[in-house]
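Welcome! Let's take a walk through this structure together, beginning with the ligand and its surroundings.

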Amino acid sequence: MSLCQHADEQGKKVFWGLEGLYVNETEICYIDNDSGKIYYRGYDLEELVKYASFEEVAYLLLYGKLPNARELEEFSRQLRARRFIDSSVIDLLKMLPADAYPIDVLRLSIDYYCTRKKFINTGSLKDNYELAIDLISKLPVVLAYFYRISKGLDVVLPREEFDHPANFYYMMMGREPDPVEYEAVKTIFIIYADHSLANSTFTAITVASTLSDLGSAIIAALSSLKGPLHGGANREVVNMILEIGDEENVEKFVKEKIERKERIMGFGHRVYKSSSRGDPRVPILKEVARKLAEKKGGKYLKVFKIAERLENEVTSRLGSKGVRPNVDLYAGVLLYLLDIPPDYNPAIFAISRIVGWVAHVLEYWKHNRLIRPLERYVGPIGLKYVPLSERE
Ligand code: ACO
């Protein structure tokens with residue numbers, strides 16, 4: 001037996017996890033670690049959170065510019081008009097186990113929808129925008145319906161006068177969000193809408209680069225997002241905080257996690273580990289969470305305070321190697337403050353990030369190139385085939 005020694009495979013650096021590699025050019029999202037800012041299409045995310053509606057941000061990401069009043073009205077009208085889902089989808093939701101993971105429910109419902117429509121990549125931008133707007137509008141409805149069906153509650157019909165975040169909250173919780181709750185839902189939706197080439201977005205463009213269809217790219221992206229190292233972390237964060245149970249236990253919890261060399265959820269980020277400023281989304285979400293926690297008090301304030309203590313404890317112990325809070329720490333907390341069960345957290349991430357996935361896929365197709373990297377073979381070659389009867 002000899003080890004593979006092909007000349008063209010020698011001396012080639014392997015970029016594990018594609019870390020530090022540029023694989024694409026984009027005009028959608030820019031993370032500026034020097035100034036600690038994130039830009040969507042050139043606009044400071046912090047300003048968008050403060051001044052823009054979710055619909056404006058979605059339009060900006062999808063079409064490359066802020067809409068004027070007429071464009072915004074038309075885009076919002078389209079989103080509102082598509083909030084109704086086929087009764088067969090409701091039947092499908094009723095067949096699922098009540099404790100199914102909501103992100104799997106979203107994936108199944110998109111698969112069902114695209115299979116029924118026989119959706120295929122025709123190369124038509126119009127068809128792709130149609131599908132995108134339909135899915136952006138319908139996914140929150142599917143999620144809210146599944147929540148209520150799985151709890152044995154009556155489903156709540158959409159309300160024309162509510163915008164996208166308010167309507168989702170209303171359909172899920174059965175009541176209108178108050179202004180602080182509305183701010184929380186809108187902030188989460190805007191903040192989660194894009195984040196450059198996250199694993200799920202890369203997955204989406206990888207699938208799209210074969211000229212498969214937009215629906216398939218989104219389904220693949222959902223599968224990536226589910227993982228606890230990515231979008232699944234906001235679920236783990238809440239479960240971890242509930243397990244810690246009290247501020248007093250934070251120090252011991254963190255110390256033991258570090259001793260066991262275990263990952264602490266809601267901390268660390270590939271893009272921010274060499275930046276002293278950390279993830280710019282954290283302070284934005286934290287302030288909204290603080291406001292809501294102080295308003296609600298009780299167990300909600302307790303969860304916020306555990307998160308804050310965790311932030312301090314982990315940063316002081318691991319900050320020197322770049323481990324600081326990431327978006328999912330306070331997003332998870334905020335979703336808890338909104339009474340969303342933790343299993344729903346990754347799905348809520350998805351109903352927002354779908355905007356970014358679509359924007360990136362459509363942009364990638366403008367200069368499509370099949371994504372097909374190399375792997376360096378390090379196994380044996382020249383092994384002799386042994387008949388089954390002679391093998392030990
Ligand atoms: N807890 C404890 N230690 C950590 C953590 C963490 N959450 N994250 C990184 N580290 C440590 C590593 O053990 C490593 O230490 P070492 O040098 O002593 O071996 C060092 O920090 C560098 O870690 P890397 O593995 O190089 O970090 P990487 O960039 O590969 O990981 C990741 C990024 C996967 C997000 C990681 O930080 C992690 O697992 N975090 C927890 C899960 C999480 O919150 N994911 C959500 C990310 S945000 C998003 O996707 C929306």
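**Around the ligand**

The shell around the ligand is made up of 10 nonpolar, 5 polar and 6 charged residues. Here Ala, Val, Leu, Ile, Met, Phe, Trp, Tyr, Cys and Pro count as nonpolar, Asp, Glu, Lys and Arg as charged, and the others, Gly among them, as polar. Please keep in mind that this is a predicted model, where local features need pLDDT of at least 70, side-chain atom pairs count only at pLDDT 80 or more, and totals for chains, interfaces and linings use all residues. Residues are numbered from 1 along each chain as its sequence is written, and side-chain values use heavy atoms, with hydrogens and water left out.

Altogether, 21 residues surround the ligand, each with a heavy atom within 4 Å of it. The closest are His230, Ile264, Phe267, Lys273 and Lys321.

Now look for polar contacts (pairs of N or O atoms within 3.5 Å). A polar side-chain atom of Lys321 lies 2.7 Å from a ligand oxygen, and a side-chain N or O atom of Asn326 is 2.9 Å from an oxygen atom of the ligand. Leu229 uses its backbone instead: an N or O atom there lies 3.0 Å from a ligand nitrogen.

**A sheet to find**

Next, find the open sheet of 3 strands, with the order β2-β3-β4 and antiparallel pairing. Strands are DSSP runs (E, at least two residues), numbered from the N terminus, and two of them pair if DSSP finds at least two bridges between them. The edge strands, β2 (29–32) and β4 (43–44), each pair on one side only. Strand β3 (residues 37–40) is joined to β4 by 2 bridges, and Tyr40 stands opposite Tyr43 in β4.

Definitions and conventions
A polar contact is a pair of N or O atoms within 3.5 Å; within protein, one must be able to donate a hydrogen and the other to accept it, and residues adjacent in sequence count only if both atoms are side-chain atoms. Helices (H or I, at least four residues) and strands (E, at least two) are DSSP runs, numbered from the N terminus.
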